[in-house]
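Have the model open alongside and follow along.

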Amino acid sequence: QFSSTDLQAVQYSIVAGNTANSFIIDSAGVVRSQITLDRESIPSYRLVVQASYYTGYSTNISLAITVLDVNDNSPIFFSPYFTITVAEDVSTSIPLYHFNISDADLGTNGQVSTFLILDVIAAKYFSVNVNGYLSLSLSLYGAAAFSSIKFDLYVFDSGLPKLYSKTTVNMVVMAANHPPVFSQSNYQVDLSIPVLIKVPIFTVQAVDRDAGTNGQIHYSLVAGNGTGTFAVILNTGNLVVINNYNLTGAYQLTVLARDGGGKTAMAAVIVTAKPCGFTNLAFHPQQLFTTVTENNVVNISLLVQLSLFSFGRPGVFVYYLPFQNPCFVVDSSSGNLSALCSFDREQQSQYMLPVQVKELADSSRLAQADVLVSIGDLNDNAPQFTNAPYVAYVLKTIPTGFAVLQINATDSDAGTNAPYVAYVLKTIPTG
């Protein structure tokens, strides 16, 4: 407030610094605000107030006004939505993310007091400290019941009354890659020779508890196969003979299992090859060929009936499949081979099944027949366009008969079911 000895003769006015006409001064020299002041917009003013006397004399004075802060601004996340990816095996001592918070207020009013997660499951595993660092409260390794979880995160300031805002957090848990595991570290395989090329003699398998690519296992031979006698099928772990020249004695092979994430395991396979006479026990013929039609809905269908010839002495014989296949079964007494599945030729067109028989009283008396099962085709697949949709741009001046586009369709069926594909133009109504 300003005063003069002669109030009637003095007039007051604000002549400078009155941004946005925020203040007025009355005839008594009292300065008042005439708008609601916002410290975050204009934190201070420096007014120049003039007192004028009727004689024409005047004087100026500078008036500094500081706008005090009140808690009228909420703390703010810089984004309304966060997606954060963490590994399943991440340590609880490592911060996962830092939330930056802005608050336009000053001092205590602009300081964060707490972060709050209301979701019960999320609050069990995650917490955010007063500095905005997100961390694990409980390890996710092998215990998390979710691959992702979405929750609201609240932040409160320290002012009175407390103001808050929220954001949505989507935590994506990336599964850790566990190594594959063999059921045992050493396998023993007794191999009776002669043996057929590329027919499985043993299956070595590892298990991997991971899902997706990390759980896919590929097999390879990494040691003991210097003669190139054996090979292991990449996806199945089936061990086969690929070179039976001078096949005899013991072979110590090392099989490597590698998952899609690069983790590995190894197992030893000791193969002992011994000659076995087939002169006193034999199938006739030793190789059989049969066909079953795909999509056959019959539960069990007889494929082949094996004929066994025993020379020298009779006996009780047991038939079996040395390598189990869920789609086939052999009757242990009769040797009849049957199918259990409905086959899809487009998925697999042939199956090679070794069938063995041995005498119960003398296991050295054994024989093997190989059955090649071919899957007959049905016309169960429509032709499909490749690289569709097709788009062509043509000039309106091109002549009749000018080739503007090459399209192509294929049919995954075989034989007469897909000799060629015919093309017909159809007009699609519009509107």
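I began with the lining of the second largest pocket, to which strand S31 gives the most, with five residues. This is a predicted model, where local features need pLDDT of at least 70, side-chain atom pairs count only at pLDDT 80 or more, and totals for chains, interfaces and linings use all residues. Residues are numbered from 1 along each chain as its sequence is written, and side-chain values use heavy atoms, with hydrogens and water left out.

**Entry: the pocket**

I noted a volume of about 450 Å³ for the second largest pocket. A pocket here is an open set of points on a 1 Å grid over the protein atoms alone, where a 1.4 Å probe fits, with protein on both sides within 12 Å along at least five of seven lines. The volume is the space filled by probe spheres set on the points, which are joined across faces, edges and corners.

Which residues lie nearest its centre? I found Pro200, Asn238, Phe323, Asn325 and Met352 there, out of 19 lining residues (a lining residue has an atom within 4 Å of a point). The elements giving two or more residues to this lining are strand S17 (200-203), strand S21 (238-241) and S31; strands are DSSP runs of E, at least two residues, numbered from the N terminus. I sorted the lining into 10 nonpolar, eight polar and one charged (Ala, Val, Leu, Ile, Met, Phe, Trp, Tyr, Cys and Pro count as nonpolar, Asp, Glu, Lys and Arg as charged, and the others, Gly among them, as polar).

**Entry: the sheet**

I then followed S31 into its sheet, an open one of four strands in the order S25-S32-S31-S28, with mixed pairing. Strands pair if DSSP finds at least two bridges between them. The edge strands, S25 (287-293) and S28 (317-320), each pair on one side only.

I went through the pairings in turn:
- S28 and S31 (residues 350-359) are antiparallel over four bridges, and Phe317 stands opposite Glu359 in S31.
- S31 and S32 run antiparallel, joined by nine bridges; here Gln356 stands opposite Gln368 in S32.
- S25 and S32 pair in the parallel sense over seven bridges, with Leu372 in S32 as the bridge partner of Phe289.

Why do I call S32 (residues 366-376) largely enclosed by the rest of the structure? Because 10 of its 11 residues are buried, buried meaning under 20% relative accessible area, exposed over 50% and partly exposed in between (1.4 Å probe, protein chains only).

**Entry: the rings**

I moved on to the aromatic pairs, of which the structure holds 16. Rings of Phe, Tyr and Trp (its six-membered ring) pair if their centres lie within 6.5 Å; planes under 30 degrees apart count as stacked, over 60 as edge-to-face and the rest as tilted. Phe78 and Phe82 are edge-to-face, because their planes lie at 85 degrees, with the ring centres 5.3 Å apart. Phe78 is exposed at 55% relative accessibility, whereas Phe82 is buried at 6%.

Tyr97 and Phe99 are also edge-to-face, with ring centres 5.1 Å apart and planes at 65 degrees. Tyr97 is partly exposed at 27%, and Phe99 is buried at 2%.

**Entry: His218**

Last, I looked up His218, which sits in strand S19 (residues 217-223). His218 is partly exposed, at 38% relative accessibility. I noted 8.0 Å between the C-alpha atoms of His218 and Gly260, residues that are 42 apart along the chain.
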